[in-house]
Amino acid sequence: MAPSLTKSGSDAVTLPVGHIPSPFAVDGSKLTANGHVILSEVPPNITVTPSLYTNVDKSITAVGSFLGFDAGKPSSRHVVPIGKLKNTKFMSIFRFKVWWTTHWVGSNGRDVENETQMIILEKSDSGRPYVLLLPLIEGSFRSSFQSGADDNLDICVESGSTKATARKFNSILYLHAGEDPFALVKDAMKVVNRHLGTFKLLDDKTPPGIVDKFGWCTWDAFYLTVNPQGILEGVKNLVDGGCPPGLVLIDDGWQSIGFDSDPITQEGMHQAVAGEQMPCRLLKFQENYKFRDYVSPRIEDKKGMRAFVEDLKEEFKSVEFVYVWHALCGYWGGLRPGAPTLPECEVVRPKLSPGLEKTMEDLAVDKIISTGIGLVPPEIADQMYEGLHSHLEAVGIDGVKVDVIHILEMLCENYGGRVELAKAYYKALTASVKKHFKGNGVIASMEHCNDFMFLGTEAISLGRVGDDFWSEATESSGDPNGTFWLQGCHMVHCAYNSLWMGNFIHPDWDMFQSTHPCAAFHAASRAISGGPIYVSDTVGKHNFELLRKLVLPDGSILRCGYYALPTRDCLFEDPLHDGKTMLKIWNLNKYTGVIGAFNCQGGGWSPETRRNQSFFECSNTVTSKTNAKDIEWNSGKNPIPVEGVKTFAMYFSQAKKLLLTKPSENLEIALEPFNFELITVAPVSVFGNKSVHFAPIGLVNMLNTGGAIQLLAFDEEKNLVQIGVRGTGEMRVFSSERLVACRIDGRDVEFKYEEYMVVVEVPWPSSSNMSIVEYLF
């Protein structure tokens, strides 16, 4: 029996000798962490059990605890108070829609939103550590938080099926404490990974190659009218503009679908328009007539999807990956019952849980509920994925964007509950991805829930961390300010969700349009997100001046080495509608850090209206302070050593200025609404007999300036610095002294020395992927 910390626990045992004590304890009716109260009036049916996973990782020095309870009688859904949360600042991630989560802050139990996936309590000056409260899966049940009466924090534990019941849980919630909020989450996930054994951490997986390529998605360009000729024309325009895509993502509109009112042999794609396609069901695994009827102009008698993909890659050499979209259940409405060549299926009417009923109204959900899903029974879900993916592989498709993922929880009544149904589907999907798409050729989407994170990420290593980019054509409710505040919402969703999701999947911040009024705002965030960069521009409508700040001539990008996260001083603040907080995010390149500052104020979640809405009164100029310590330099697989560094060079991309600062010296930034600043931060080194102070900055014509630097070497004897540069354009470094000479790939080149920066033009290399720039003193 595991040791219990409940006051009256009859199963309490002595911890083994040498066991690291847990910081959590139940003192009377108080749950404490290192002696500091985190929850009061804890009910007597709550159990707290120290984790025995003490040797998961040498970096983990704290021991967490699992929380459970005995409800007294079996049920398929329990809502149980675990104690009162009072006057303790927290940040959380909750589901504002069925598919999507976002950031929320508060200080009391009443502030907690429904369907909250995790909570972090802020550390206190009196010694209380950061505390993570993470709802888990146990047996056939999953859990989430919601507010209870009188500031109680309630845990909602549900199976989703009246046929799956239980009364007692031992580890439905995990508690972890620490002094570093970023290490706190990562360490906790390592323990939970060992505990559940149902997923793989991102650190143990490799994201697909598309993360290093510029991409074009067809959705906002065509919606459901996507067609081969349009795609070819769209790629040609990008190539001609100097921004060749390495990824083409064919979104919804390529499949053979129909309405139930159509003959089962008749494709209904021509009748469907964007926003009205949800009742449609899949008729066959093969592509629809638009792609079936494609005839290659290169090879006689060559036609169909395979011919199209081959022509696309042959004509445009930059295109290395072609992905297509499909829903988890085949299509929005699932499969058509009785359709020839498809697996058997049954139309199941979705049912929202009480928690989901309190999420934001969603057109897709409404339509799906009204018409149902053609669901393949879980025991033969592998037939659906094998049929679909084997065909796609045969016609040259390299991977899939799997959308509408969190639908299963609404369909699970007769399938053992949400956890059991999810296990079966994700097992089948994982096996198919491993067989047909190299094990990682997937973008997960509409997947923001702990069911997916804990059960669906054994192989999937890339996923969306924000809701959809809202183009001008799709902005909601006719709100004239939606063009702007929705973009701020999107950015905040992505930044904060990554703190949780980045442990499972590599964060994908979604596409955007380069001609949107907030295009530069989006581009700046994508440039330093660490994820893929792709646009959904309408054919022939591009802002190439902006795109060339993101894309290299070969279709690759300057991707950061980690994934962007909010800075510590933003974690427990509200960058959307408190009128004062600036969103700041950080990331690491190989030799530099980067800070992104964004004014996102002006709209967000409203607990009263249960929707995202404009808060125009909050949209004003905001100020913030930043310094080199905003960057978590020890993060990721390639941390940057900064211990002992006395000076940092900070280059402001928009202001085009360089400032030298001490490690803790604050600089003030002021930003007008929906404006941004990107700051490249480089440790200053002192070298040579002249004691030259030197720091690399990077290609200042690129938004991720420091991402261009791939090599940095100092030759003390020769008074020389060598930098490997990937890309082309204006290269800058900080130098306290003027150079004697500058060489690129062994040839002397002209340079300028201005404001303590050496400026040189780096050409695109002809024979390698990097230019070697030498600075001689």
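This tour moves through the cavities, then a helix, and then a set of paired strands.

The model is predicted, so that local features need pLDDT of at least 70 and side-chain atom pairs count only at pLDDT 80 or more, while totals for chains, interfaces and linings use all residues. Residues are numbered from 1 along each chain as its sequence is written, and side-chain values use heavy atoms, with hydrogens and water left out.

**Cavities**

A cavity here is a set of points, on a 1 Å grid over the protein atoms alone, where a 1.4 Å probe fits but cannot get out, and its lining residues have an atom within 4 Å of a point; the volume is the space filled by probe spheres set on the points, which are joined across faces, edges and corners.

Select Lys186, Met189, Lys190, Leu201, Leu202, Asp203, Gly502 and Asn503 to show the lining of the largest cavity, whose volume is about 50 Å³. This lining has 3 nonpolar, 2 polar and 3 charged residues, where Ala, Val, Leu, Ile, Met, Phe, Trp, Tyr, Cys and Pro count as nonpolar, Asp, Glu, Lys and Arg as charged, and the others, Gly among them, as polar.

Next select Phe182, Val185, Lys186, Leu499, Asn503, Tyr562, Tyr563 and Leu565, which line the second largest cavity, of about 40 Å³. Its lining divides into 6 nonpolar, 1 polar and 1 charged residues, and the largest share, 3 residues, comes from helix α1 (residues 181-196). Helices (H or I, at least four residues) and strands (E, at least two) are DSSP runs, numbered from the N terminus.

**Helix α8**

Move to residues 418-436, the 19 residues of helix α8, which reaches 27 Å from its first C-alpha to its last, close to the 27 Å expected at 1.5 Å a residue, the expected span being 1.5 Å times one less than the number of residues. Just after α8, Lys438 takes a positive phi of about 60 degrees.

Finally, select strand β12 (residues 141-147), in which 6 of the 7 residues are buried. Strands pair if DSSP finds at least two bridges between them; 2 bridges join β12 to antiparallel β11 (residues 137-138), with Ile137 opposite Arg142, and in this hairpin Gly139 takes a positive phi near 60 degrees. On β13 (residues 152-158), also antiparallel to β12 and joined to it by 6 bridges, Cys156 is the bridge partner of Ser144. In the turn of the β12 and β13 hairpin, which has 4 residues between the strands, Asp150 has a positive phi of about 55 degrees.

How values were computed
On a 1 Å grid over the protein atoms alone, a cavity is a set of points where a 1.4 Å probe fits but cannot get out, and a pocket is an open set with protein on both sides within 12 Å along at least five of seven lines; lining residues have an atom within 4 Å of a point. Buried means under 20% relative accessible area, exposed over 50%, partly exposed in between (1.4 Å probe, protein chains only).
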